[in-house]
Amino acid sequence: MTPPAERRLLAIAMRLVAAVTLTLMFAVVKLADGRGVNLFESLFYRQALALPLVLGWIAAGPGLPSVRTHRPGAHLWRTIVGMAGMALNFTTFILLPLAEATVLLFTVPIFATILSAVLLKEPVGLHRWAAVLIGFAGVLVVVLPGGAGMSTKGVAVGLVAALVVSGVSITLRQIGRTESATTTVFWFTVISTVAMGLLMPVFGRMHDTETFGLLLALGLLGGAAQLALTASLRLAPVSVVLPMDYSNLVWSALIGWLIFSTLPSHTLWLGAPLIIASGLYIVYREHRLHREKTAAAGAID
C-alpha cells in the first residue's frame, strides 16, 4: 500500500531535519575534540543525553511495553557494531573537514552491496556491480593528491567507518524481520549508555561550562537526529527518504565554512556526483527488485 502524499512529504521533511542535525552533531564532535574531549566521552554523552529523548518519544507513542524483546543477543550485537561505527564516524569527522568526511560516508550503500553479496549470498546483478565500480571511481577522484585536508589516515578511517556502518545496515535489516525500529533504537541507546557509563570513571574528565554545553548539544542533536530518521522510515519507504541524506553535503559544506572556515576541495565536487549517483542507483535497483519479487509472490498466491 502506497503511503498518502502528505505522509511522504512529512517523511522527506523529517529526513531533511535529520540530515541537518547530524551534520551539526558532527561539527560539535569536532569542536569538542578541540577542547580536550576524548572520543569515549563524546560517545558516552551522545548516547546518555539522547536517552531521555528516546524514552519520552516511546512513552508518548507506542509505550514502554512495546519494546519488549525475545532477541537480547541480536540487540547486543547491534550495539557493539553500532558503537564501533559511531566511534569511527566521529574519528573521521575529527580528522577530516566536514564535507570530505561526509562524502566518504556516502559510500555506505556501496559497501552494503558488497557485504550483501559476500556475507548474505544475495544475488547482485551487473547493474549494481557497475554502480559499485562507479562509486569507487568517485572515491578515487575525491582523494586524489591535492584534495584539501584529505589526510591518508582520515581517508582510511572514513572508508573503514563506511564499511562498518554498512554492516550495521545489514544487521538492522535482519533484526527488522522481527523487531520494530522503536525497539531497536531503545535497546541500542540503553545498552550502550549503561556499558559506557560503567567505564566513565576511567575515561571521564572534568571540563569547563562551555565544553559541557557542547556535550549537551551533542547528545540532544544525536537523539533528535535518530528520532527523525526513525520517524521518516515509519512514514514512507526507504527509496523515498534516503535520497534526502545526500543533502548532508550541502549542510556540511555550509557549516564547515561558517564554523571552521574550510571550503570543500575541487576534487570533492568532481568525485561526489559519482558517489551519490552510485548510491542512488543501488537504492533504486534494490527497490525495483523488491517490487518485482513482491509482485511475483502475489501472482503465485
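A crossing of two helices is called left-handed if the near helix is turned anticlockwise from the far one by less than a right angle, and right-handed if the turn is clockwise. In these terms, the crossing of α4 and α5 is right-handed, and the crossing of α6 and α8 is right-handed. The structure described here is a predicted model, in which local features need pLDDT of at least 70 and side-chain atom pairs count only at pLDDT 80 or more, while totals for chains, interfaces and linings use all residues. Residues are numbered from 1 along each chain as its sequence is written, and side-chain values use heavy atoms, with hydrogens and water left out.

The protein chain contains 13 helices and zero strands, where helices (H or I, at least four residues) and strands (E, at least two) are DSSP runs numbered from the N terminus. Read from the N terminus on, the elements follow the order α-α-α-α-α-α-α-α-α-α-α-α-α. The radius of gyration of the protein chain, taken over C-alpha atoms, is 19 Å, close to the 19 Å that the globule rule (2.2 Å times the number of residues to the power 0.38) gives for 301 residues, so the chain is as compact as a globular protein of that length. Along the principal axes, the C-alpha atoms of the protein chain fill a box of roughly 65 × 55 × 35 Å. Of the 301 residues, 48% count as buried, a term that means under 20% relative accessible area, with exposed meaning over 50% and partly exposed lying in between (1.4 Å probe, protein chains only). Among the contacts in the protein chain with a separation of 6 or more, 89% come from residues 24 or more positions apart, a contact being defined by heavy atoms within 4.5 Å.

Two packed helices are described by the angle between their axes and the distance between the axes. The axes are lines fitted to C-alpha atoms, for helices over the stretch in contact, and the angles run from 0 to 180 degrees between N-to-C directions. For helix α4 (residues 72-95) and helix α5 (residues 98-105), the axes come within 8 Å and cross at roughly 145°. This contact is made by Asn 89, Thr 92 and Phe 93 of α4 together with Leu 98, Ala 101, Thr 102 and Leu 105 of α5. By class, the residues of the contact of α4 with α5 comprise four nonpolar, three polar and no charged, where Ala, Val, Leu, Ile, Met, Phe, Trp, Tyr, Cys and Pro count as nonpolar, Asp, Glu, Lys and Arg as charged, and the others, Gly among them, as polar.

The axes of helix α6 (residues 108-118) and helix α8 (residues 152-175) likewise come within 8 Å, and they cross at roughly 60°. The two helices are therefore oblique to each other, given that angles under 35 degrees count as roughly parallel, over 145 as roughly antiparallel, 65 to 115 as roughly perpendicular and the rest as oblique. On the α6 side, Val 108, Phe 111, Ala 112, Leu 115 and Ser 116 take part, and they meet residues of α8 that include Leu 159, Ala 162, Leu 163 and Arg 173. The residues of the contact of α6 with α8 divide into nine nonpolar, four polar and one charged.

Thr 107 is found in the loop between α5 and α6 and is buried, with a relative accessible area of 0%. Leaving aside neighbours within four places in sequence, Thr 107 is in contact with Val 139, Leu 159, Ala 162 and Ile 275. Thr 171, in helix α8, counts as buried at 9% relative accessibility, and, not counting residues up to four places away in sequence, Thr 171 touches Trp 77 and Arg 78. Leu 254 lies in helix α12 and is partly exposed, with a relative accessible area of 39%; the C-alpha atoms of Leu 254 and Leu 98 are separated by 9.3 Å, although these residues are 156 residues apart along the chain. Ser 261 lies in the loop between α12 (248-260) and α13 (266-300) and is exposed, with a relative accessible area of 63%. The phi angle of Ser 261 is near 55°, a positive value in a residue other than glycine.
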